[in-house]
Amino acid sequence: MKAAVISFPGSNCDQDLVWAFQEIAGIETELVRADATSLAGFDIVGVPGGFSYGDYLRSGAIARFSPIMTALQDFAAAGGLVIGICNGFQILCEAHLLPGTLQWNQSLSFICAPEELTVVNTQTPFSNAYHQDQTITLPIAHGEGNYYADPATLATLEANGQVVFRYRDNPNGSLNDIAGVTNAAGNVLGMMPHPERALEALLGGTDGLGVFASLKQEVAHAAR
């Protein structure tokens, strides 16, 4: 079992995600530069939070053209597990690996705070370690976390169970309180809150453990 964490110029949560996969979840993990061209040999790919070059135009709009993104699209198309967190969520939307887009927060200000979420779908590779409708608390830190999709896309997301996490007290104006969604196949997840920042009680909470336990369980089950 092996995970890759993609590092873009400006990423600042890449080492956090490496630590989460490797030291907490016990998954062998490698940092992969955005100018790499292969993801062969990996079971999971994480696209971390922070910033990517060109974010001043629109978050993720330029990063989506990085050489590694062709490999990531092929990896996802083949059923590989992909999780994008915060800026990673924005990049996955820009690369059309996830539906919808992320806009400026409704307040037009950066928000950094713990937020309560509801786990609304536990039948995914990213949430199977949680209980249905479980309330968890994860930190957010973003200026453009306001999820938007057109009405038809929103209806499809809801009907197909692609919404995985919802905010209980919507901090950014996201439609339908959406905090995390998957693609139609269910193997790509984007989420704004940071599960990798909620893995140790000493740092404020452990509610993020379920995301990494779910991924580890999914890969182990597939291997059997």
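**Stop 1: the pocket.** The model you are viewing is predicted. Start with the lining of the largest pocket, whose residues divide into 6 nonpolar, 8 polar and 3 charged. That lining has 17 residues in total; select G50, F51, F110, H142 and G143 to see the ones that lie nearest the pocket's centre. Next, colour α3 (87-94) and β7 (135-142), the elements that give two or more residues to the lining. How much space lies in this largest pocket? About 270 Å³.

**Stop 2: P48.** Now select P48, in the loop between β3 (44-47) and α2. Is P48 buried or exposed? P48 counts as buried because its relative accessibility is 1%, and the cut-off for buried is under 20%. Show what surrounds it: beyond its neighbours within four places in sequence, P48 is in contact with V5, I6, S11, C13, D14, L17, I85, N87 and G88.

**Stop 3: across to I83.** Draw a distance from the C-alpha atom of P48 to that of I83; the two are separated by 8.3 Å, although they sit 35 residues apart along the chain.

**Stop 4: the core.** I83 also belongs to the largest nonpolar core, which has 67 residues. Select I83 together with F8, F21, L39, I68, L72 and F165, and you have the members that touch the most other members. Helix α2 (residues 68-77) gives this core its largest share, 6 residues.

**Stop 5: strand β11.** Finish with β11 (residues 188-191), and look at each side in turn. In a regular strand, side chains alternate between the two faces of the sheet. Here V188 and G190 lie on one side, L189 and M191 on the other, and all are buried, so both faces of the strand are covered.

Now bring in the strands that pair with β11:

- β4 (residues 81-85) runs parallel to β11, joined to it by 4 bridges; V82 has V188 as its bridge partner.
- β10 (residues 178-182) pairs with β11 in the antiparallel sense over 3 bridges; T182 has L189 as its bridge partner.

Methods:
Residues numbered from 1 in each chain as written. Predicted model: local features only at pLDDT ≥ 70, side-chain atom pairs only at ≥ 80, totals over all residues. Heavy atoms only, no water. 1 Å grid on protein atoms, 1.4 Å probe; cavity = no way out; pocket = protein on both sides within 12 Å on 5 of 7 lines; lining within 4 Å. Points joined across faces, edges and corners; volume = space filled by probe spheres on them. Nonpolar A, V, L, I, M, F, W, Y, C, P; charged D, E, K, R; others polar. Core = buried A, V, L, I, M, F, W, Y, C linked by side-chain atoms within 4.5 Å. Buried < 20%, exposed > 50% of the residue type's maximum accessible area, 1.4 Å probe, protein only. Pairing = 2+ DSSP bridges. Contact = heavy atoms within 4.5 Å.
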